[in-house]
Every structure is written in C-alpha cells, then in structure tokens.
Amino acid sequence: METLLQVLRPLFVPAFSLWGAPASWLELIAFVLALAMVGFNIRVNPLGWPLAIASSLLYFALFWDSRLYGEANLQIFFVVVALWGWWQWLRGTQDDGTALRVRSLGRRELIGCTVAMAVAWPLLGAFLARATDSDVPWWDAFPTAGSLVGQWLLGRKYVENWPVWLIVNVVSVALFAYKGLWLTVVLYAVFVLLSVAGWRAWSAMSRAEAR
C-alpha cells in the first residue's frame with residue numbers, strides 16, 4: 001500500500017486551493033473522470049465502465065491517504081464490479097435470455113436489496129470500528145454498503161440504481177466535507193443532481209421499453 005502511495009505521491013501535489021483546503025492533481029483527475037463516467041452511464045453507454053475503473057483506482061489512493069478505509073476499499077470493489085458491469089452491458093442477458101434493457105425492480109429483487117443494505121451497513125461499520133483507525137466508521141460504512149447495492153443495480157440496468165446513488169451521494173457530501181476533501185464534495189454534490197437526472201432519464205427509458 002505504501003509503495004502505491006509513494007508511486008502516486010507526485011499527483012498529491014496541490015493543483016489549487018478550494019475554500020482554504022488544497023485540491024491535489026490526483027483528486028482533480030479523478031473528479032473529471034468520474035463526471036465523464038456518470039454522463040456515459042446516464043446515456044447507457046458502456047464506455048462509462050473503463051472510466052469507472054480509472055477513477056476508482058485514483059480515488060482508492062486518495063481515500064486511503066485520508067483514512068477513509070471503507071471508501072478506499074470500496075474503490076477496489078468498484079474496479080472488479082466495473083469489469084463485470086462492462087461485460088453485462090456488452091453481453092449480459094435477462095432471465096428470458098434477451099439482451100439487458102433498462103427496467104424496474106420486481107418485488108422480490110427490491111426486498112433482496114433492502115435486506116442486503118440492512119445487513120451490510122452494520123457489518124461494515126462494526127468491522128471498520130474494530131479493525132481500522134477510522135474516526136468515522138459508521139458514516140464511512142453507510143455509503144460503502146449503499147454503493148455495493150447501487151453498483152449491482154447499475155450493472156443489471158435497473159432504474160432503482162439512481163435513487164440508491166442519490167442517497168449515497170447526499171451522505172457522501174457530508175462525509176467528505178468533514179474530511180476537507182472539498183473538490184470531492186463538489187463532485188458528489190454534482191452527483192446528487194446527476195442522480196436525479198439519471199433517475200428521470202432511465203424511468204422514461206423503462207416506460208418506453210415496456211410499451
């Protein structure tokens with residue numbers, strides 16, 4: 001881990017200051033890649049997935065350096081899921097064997113996602129509280145758990161990934177503000193707006209597909 005951070009250390013040099021806190025080149029590059037990723041996701045364009053991989057690797061280094069271990073390890077999960085999601089969008093199929101399309105969750109899947117979130121949050125929170133020196137283990141664990149659910153929903157093209165991201169992004173804004181990662185705060189504030197835009201766009205696609 002320290003080796004990776006040392007390799008990327010030149011990118012931790014401040015690019016500018018935002019509200020009195022330095023924003024590094026690493027954070028700036030990750031910011032731009034992440035915005036482009038969401039733009040492609042809203043348009044259901046698979047190019048969003050390689051952008052997700054690149055931005056996640058950069059955010060992994062940034063969050064680890066900020067002692068946000070849940071968010072940091074989540075980025076590695078994002079890399080793995082992005083590879084899976086990329087494949088799903090290119091070759092994935094639904095239960096009936098047809099190509100994946102934008103659609104809404106059924107009752108069973110909705111209950112499953114709710115239960116997964118209810119179990120993952122306390123487990124992750126307890127783990128971070130016991131195994132790391134994080135000063136915000138429970139607040140770190142909530143967006144981490146929510147993102148696990150959101151990534152699966154996104155990979156399977158379910159509309160409900162967007163309201164999940166909306167909640168995750170709102171909590172993340174507060175979390176990153178506490179850590180003084182102001183450029184990332186701006187990014188996640190924009191993500192809040194893009195989550196609403198994505199929700200509306202995918203809802204319209206789902207209705208059109210159902211006709």
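Where is Asp133 found? In this predicted model, in which local features need pLDDT of at least 70, side-chain atom pairs count only at pLDDT 80 or more and totals for chains, interfaces and linings use all residues, Asp133 lies in the loop between helix H5 (107–131) and helix H6 (137–155). Residues are numbered from 1 along each chain as its sequence is written, and side-chain values use heavy atoms, with hydrogens and water left out. Helices are DSSP runs of H or I of at least four residues, numbered from the N terminus.

Asp133 counts as partly exposed because its relative accessibility is 44%, the class between buried (under 20%) and exposed (over 50%), computed with a 1.4 Å probe on protein chains only. Neighbours within four places in sequence aside, Asp133 is in contact with Arg67 and Tyr69, contact meaning heavy atoms within 4.5 Å.

Tyr69 is also among the residues of H4 that meet H6. The axes of H4 (residues 69–91) and H6 come within 9 Å and cross at roughly 5°, where axes are lines fitted to C-alpha atoms over the stretch in contact and angles run from 0 to 180 degrees between N-to-C directions. H4 and H6 are therefore roughly parallel to each other, a term for angles under 35 degrees. Residues of H6 meeting H4 include Asp140, Thr144, Leu148 and Trp152.

H5 and H6, the helices on either side of the Asp133 loop, pack at an angle of about 145° with their axes 8 Å apart. The contact involves, among others, Cys113, Met117 and Trp121 of H5, and Asp140, Thr144, Leu148 and Trp152 of H6.

Note on methods
Helices (H or I, at least four residues) and strands (E, at least two) are DSSP runs, numbered from the N terminus. Angles under 35 degrees count as roughly parallel, over 145 as roughly antiparallel, 65 to 115 as roughly perpendicular and the rest as oblique.
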